[in-house]
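Thanks, everyone. Structure on screen, please.

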Amino acid sequence: MSAAVEIVSFGYLHAEAPTAHLTIDLRHHFRDPHVSPELRYMTAADEPVRNAVLNTAGITDLIDATATAVAAFASGPSAGTVTVADGCAGGRHRAPTFAGALAEKLRADGYQVSVTHRDMHRPVVQR
């Protein structure tokens with residue numbers, strides 16, 4: 001039986017981070033596609049956004065490190081579903097892209113993964 005993992009992407013500008021075993025804050029260390037006018041109104045459902053995020057230096061290392069941390073939680077003596085929350089400013093670009101890539105890696109490692117994008121559907125935050 002494989003461990004279950006729940007991944008929730010979110011935007012800090014909409015509400016508090018959800019309760020999770022691991023909370024990954026993508027706001028300050030990874031370039032925000034929001035700053036590019038051609039990407040601003042797109043979401044992680046759009047390939048140009050996913051490419052911009054996944055080609056950011058360090059992001060694949062963070063995905064790998066997060067997967068390692070999930071494995072540590074999942075191997076604990078009272079392991080149940082492991083919850084990972086990952087957030088960016090608006091929840092439309094970096095967080096859902098990261099969540100999707102992490103889910104893909106964890107599924108390849110044999111985990112049962114569910115993904116929720118809490119804020120990806122919300123309007124662009126004007127800032």
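Predicted model: local features only at pLDDT ≥ 70, side-chain atom pairs only at ≥ 80, totals over all residues.

Which residues of α4 are buried? R94, A95, P96, T97, F98, A99, A101, L102, A103 and L106. Just after α4 comes G110, with a positive phi of about 95°.

Now α3, residues 59-74. That's 16 residues reaching 22 Å, close to the expected 22 Å. Buried here are I59, I63, T66, A67, V70 and A74. Looking down the axis of α3, those buried residues fall within an arc of 105°, so they line one face of the helix. On the other side, D61 and T68 are exposed. And what covers the buried residues of α3? The cover includes β1, β2, α2, β3 and α4.

Next, the core. In soluble globular proteins, nonpolar side chains tend to be buried together. Here, the largest nonpolar core has 23 residues. V5, I7, L26, V70, V84, L102 and L106 have the most contacts inside it. At least two core residues come from each of β1, β2, α3, β3 and α4. α4 gives the most, with seven.

Last, zoom in on L102. Setting aside neighbours within four places in sequence, L102 is in contact with I7, I63, T66, A67 and V84. Of those, I63, T66 and A67 are on the list of buried α3 residues.

Conventions: Residues numbered from 1 in each chain as written. Heavy atoms only, no water. Helix = DSSP H or I, 4+ residues; strand = E, 2+ residues; numbered from the N terminus. Expected span 1.5 Å × (residues − 1). Buried < 20%, exposed > 50% of the residue type's maximum accessible area, 1.4 Å probe, protein only. Arc of directions from axis to C-beta. Contact = heavy atoms within 4.5 Å. Core = buried A, V, L, I, M, F, W, Y, C linked by side-chain atoms within 4.5 Å.
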